There are 2 protein chains.
Amino acid sequence: MAERAETGLRSTRQRHAIERALGAARGFRTAQELHDELRRDGVSVGLTTVYRTLQTLAEGGAVDVLRNGEGEVIYRRCTTGEHHHHLVCRACGHSVEVASDDVERWAGETATHHGFTSVTHTAELYGLCHSCSPEGRPGK
Amino acid sequence: MAERAETGLRSTRQRHAIERALGAARGFRTAQELHDELRRDGVSVGLTTVYRTLQTLAEGGAVDVLRNGEGEVIYRRCTTGEHHHHLVCRACGHSVEVASDDVERWAGETATHHGFTSVTHTAELYGLCHSCSPEGRPGK
DNA sequence: GCTTTATTGACAATGATTTTCATTTGCGCC
DNA sequence: GGCGCAAATGAAAATCATTGTCAATAAAGC
């Protein structure tokens with residue numbers, strides 16, 4: 001349940017294709033988008049396999065996992081392993097990736113203070129990007 | 001599409017019940033949890049109606065909408081004032097409310113830096129409370 | 001080349017949310 | 001107080017992303 005890194009894990013055509021597609025993508029992709037792109041590329045891979053492979057990669061820390069505004073799971077190849085959060089525009093969906101050492105520290109300290117372990121956290125910012133902001137008018 | 005406040009909108013038993021339940025709830029609720037609580041309260045309201053009413057309230061800005069870690073939509077009565085975050089135990093569901101000035105400041109600064117306005121944020125911590133922690137064994 | 005066993009993938013199943021549509025019911029009006 | 005219509009309700013069916021099932025396939029090691 002926690003030992004898998006080198007145990008099994010065969011090198012298959014499908015896994016390579018999925019990793020390549022993920023690497024080629026600049027941003028986040030849903031499993032289905034990735035599946036479509038592979039099909040478009042002429043690579044035949046089952047949707048189930050895409051889902052499963054992405055999960056496996058995510059467990060191994062090879063990809064970042066989060067959710068888009070609609071609750072769908074989205075994946076991205078892990079950029080140097082450091083994790084960050086997102087600032088999303090409520091109006092147009094535009095998103096910016098932001099670092100957040102402060103939040104990481106806060107999460108860790110708060111959890112420890114309350115005796116929690118194995119802590120993960122979510123922190124998303126929602127607002128109106130400058131293109132969507134009604135200038136000079138404070139929202140709501 | 002933006003004019004509805006007084007147009008239609010009848011005052012029904014169901015809508016009142018849902019609003020009351022939301023007000024009584026301390027934190028976020030999924031539509032289904034709310035539905036269960038209403039049933040438990042002896043109030044008969046259709047699940048469909050709960051979903052629809054929550055959507056309507058959300059559109060009107062009366063409730064905050066976000067998603068829990070599993071991608072489910074969760075609602076909370078809009079408390080534009082003070083807010084806090086939650087540290088939730090993954091295993092038993094126990095939750096602790098935590099203040100977080102650091103996060104508030106980070107959210108504000110980050111948003112401003114990127115030109116966003118009307119920013120709100122969510123920050124939830126998920127972990128294992130000390131009762132559920134496998135002592136001495138790091139998770140996963 | 002052969003065996004073992006992880007992997008694959010078509011299909012069924014799940015579960016939250018939405019849609020459909022016939023019935024009910026606020027609410028303004030007479 | 002009674003009518004009528006559009007909004008609201010809700011049970012059941014439809015969606016849709018995701019997960020489970022399981023027989024067939026194909027790496028890796030011998």
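1. Start with DNA strand C: 21 residues surround it, and the closest are A:Thr12, A:Arg52, B:Tyr51, B:Gln55 and B:Val73. (A residue is near a molecule or strand if one of its heavy atoms lies within 4 Å of it.) Of the atoms of DNA strand C that come within 4 Å of the protein, sugar and phosphate account for 61%.

2. A quick word on what you're looking at: this is a predicted model, where local features need pLDDT of at least 70, side-chain atom pairs count only at pLDDT 80 or more, and totals for chains, interfaces and linings use all residues. Residues are numbered from 1 along each chain as its sequence is written, chains are lettered from A and ligands numbered from 1 in the order in which they are written, and side-chain values use heavy atoms, with hydrogens and water left out.

3. Now some atom pairs. The side chain of A:Arg10 has an N or O atom 2.9 Å from a base nitrogen of DNA strand C. For B:Tyr51, a side-chain N or O atom is 2.7 Å from a phosphate oxygen of DNA strand C.

4. Which element gives the most to the surface near DNA strand C? That's H3(B), with four residues. (Helices are DSSP runs of H or I, at least four residues, and strands are runs of E, at least two, numbered from the N terminus.)

5. Chain A also has an open sheet of three strands, in the order E1-E3-E2, with antiparallel pairing. (Two strands pair if DSSP finds at least two bridges between them.) E1 (29–30) and E2 (63–67) of chain A each have a single partner strand, so one side of each has no neighbour in the sheet. Opposite A:Thr30 you'll find A:Ile74 in E3(A).

Notes:
Polar contact = N/O pair within 3.5 Å; in protein donor to acceptor, adjacent residues only side chain to side chain.
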